[in-house]
Amino acid sequence: MFNLIKMDLYRLVRTPSALITAVMAVLLAVFSVFMTDTDIQLMQEDPSSVSTEAPDERQMGIYVEADPEWLTGKIEAGSIVSVEMRSGLLALLCVIFTAVFVNAEHRSGFIKNIAGQLHSRGKLIISKLTAVAVQVLFMMIVFILTVLITGFILWGGSFYIGSAASLFKFAAIQYLLHLSLSAMIIFFTVLTGSSAFSMTLGILLCSGLSVPVYSLINKLVYNFRPGLGFDINKFLPDGNITLTGIDASAEVFLRGAVSGAVYALIFILLSMLIMQKRDVR
Amino acid sequence: MEYLLTTNGLTKQYGRHKAVNAADIHVKRGDIYGLIGRNGAGKTTLLKMISGLAKPTDGGFSFFGKSGKEVYGYMSRIGALIEAPGLYPNLSAAQNLKLKCLAAGVRRNGIIEELLGTVGLASAGKKKVRNFSLGMKQRLGIALALVGDPDLIILDEPINGLDPQGIAEVRETLARLNKEKNITFIISSHILEELSKTATVYGIMHNGVILQEMTRDELLEKCSERIELKADDTAMACTVLEKIGITEYKVADADTIQIFERLNDSGDITSALASDGIKTLEISLKNESLEDYYLNLTGGKSDV
């Protein structure tokens, strides 16, 4: 097992996709913070455009919502990191990296060199997940640091760190959710043998293009059980990435942590089962 | 007899189609086992099952005398190059080997350089695989199969797409490894002429079935130049042959005698038989190549 993990970590630091997605994380973070700054300036110029009410439901598309409190001149690091991460930009990169990295072993045929010698081929999934977990953590750190540095450059004295503990707690839950999304991509990549399919699926989920489907499911459940207040977004990794902000309640944090852990576990176990049962092509 | 590898009714079924049907092969240590068969005969599927990449639908195999679940502990003693070499194009040859070494837990210093040298790629270790020729990729694939000093190496069509020089290099490498390290090889190919230069034992596969296994000597005997004689009384014909001084002959079946000497004396033989009242039904000079032998056995002429 440790040998396989070493193998995948060795490949991780040499694969171009790891470097490209990390660089993209930096660029997207800079771009997104600049766009947020533009939003703040527009709101300052036209205060009537400021919406004080958060939307009830998850919206379609990738968007960063500026907090009206930022108009007071003080911008907390945690809140800007929160909105940038909840936008799904980092999740998008995690999805792309995972699909490319996991499928490379099948696409190149390298798996044929090692799979036959393993008693349990499912271990290959654990080693992939470990490498993906390292890369997701690296991208998240790079993303957060870039947001903080760009924020400090743009807003100087108005930008303050705030509660490091809250930021750490938020980042930990988001890390778990991003990892569960990656686990889902591992599953679909292993299932279909196609990085194109899993990547497209992941991008659609991160872009919120699944929202109409989720709304339909919510309406169907509402028709049967109106009092339930069911929202499928609360039970899916992509939904929780969007809904779990730094100021969320303890209940939301707990739900995010539990759903992240449960999905990661389920998808990894399913992937291991497929890898173990299916012949290597 | 102690075999390194034997298969016992190994079967792989896809839907109703049996790609491999109760295949039994027997490989001794030090053999270069040539698995012969046309495209679609089931060679790759058989080799995939032996190398642990595909699960048999039925049957099994024993390796080092171990079978069933016990065999898993010995799978690391098998190196395989199935179909095209599986290589990361963006990594160098040395990095590809390093990955396999890490996975196999091989930590010996200098092993990568040694393996590259073994397959004649010593100077190409830092070159990215995407810039390799097909022959170089094939040799790197063999180097990957050699990681961990396996006792058995399975090579599926290792000379496919190679130019004559590449084929000669691969052949030379295999012969050297077999001789110097006593590595046993199973090599599949549909290029029979080439396989006949390397293999010491042959298994002929057709439509998923192993039709015949034989050593090189047995094959040479079957393919050697000879007179094939069919007479109405085989026993009497043998007596006549001995009377005229022919001793190198064999009764192949109830009607056929194979004569391996005085190949230009067909006329004398028929005269001698006639004078003793034995009727010659058929007499012909035979000289089969491995390909002819294969075609006769499988009853086909195409795509071999």
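This is a predicted model: local features need pLDDT of at least 70, side-chain atom pairs count only at pLDDT 80 or more; totals for chains, interfaces and linings use all residues.
Biologist: What is the volume of the second largest cavity?

Modeller: The whole structure holds 4 cavities of 30 Å³ or more (sets of points on a 1 Å grid over the protein atoms alone where a 1.4 Å probe fits but cannot get out). Volume is the space filled by probe spheres set on the points, which are joined across faces, edges and corners. For the second largest cavity it is about 70 Å³.

Biologist: Which elements give two or more residues to the lining of the second largest cavity?

Modeller: Residues are numbered from 1 along each chain as its sequence is written, chains are lettered from A and ligands numbered from 1 in the order written, and side-chain values use heavy atoms, without hydrogens and water. The lining (residues with an atom within 4 Å of a point) includes B:P158, B:V170, B:I187 and B:T198. The elements are DSSP runs (helices H or I, at least four residues; strands E, at least two; numbered from the N terminus). Those asked for are α5 (164-181), β8 (184-189) and α6 (192-198) of chain B.

Biologist: Which strand gives the largest share of the lining of the second largest pocket?

Modeller: A pocket is an open set with protein on both sides within 12 Å along at least five of seven lines. This one holds about 360 Å³ of space. Of its 19 lining residues, those closest to the centre are B:G52, B:A54, B:K55, B:P56 and B:Y72. The largest share, 4 residues, comes from chain B strand β5 (residues 58-63).

Biologist: Which element of chain B has the lowest mean pLDDT?

Modeller: Chain B has a mean pLDDT of 85, and 98% of its residues reach 70 or more. Helix α2 (residues 93-104) has the highest mean among its elements, 92. The lowest, 74, belongs to helix α10 (residues 290-298) of chain B.

Notes
pLDDT is the predictor's confidence in each residue, from 0 to 100.
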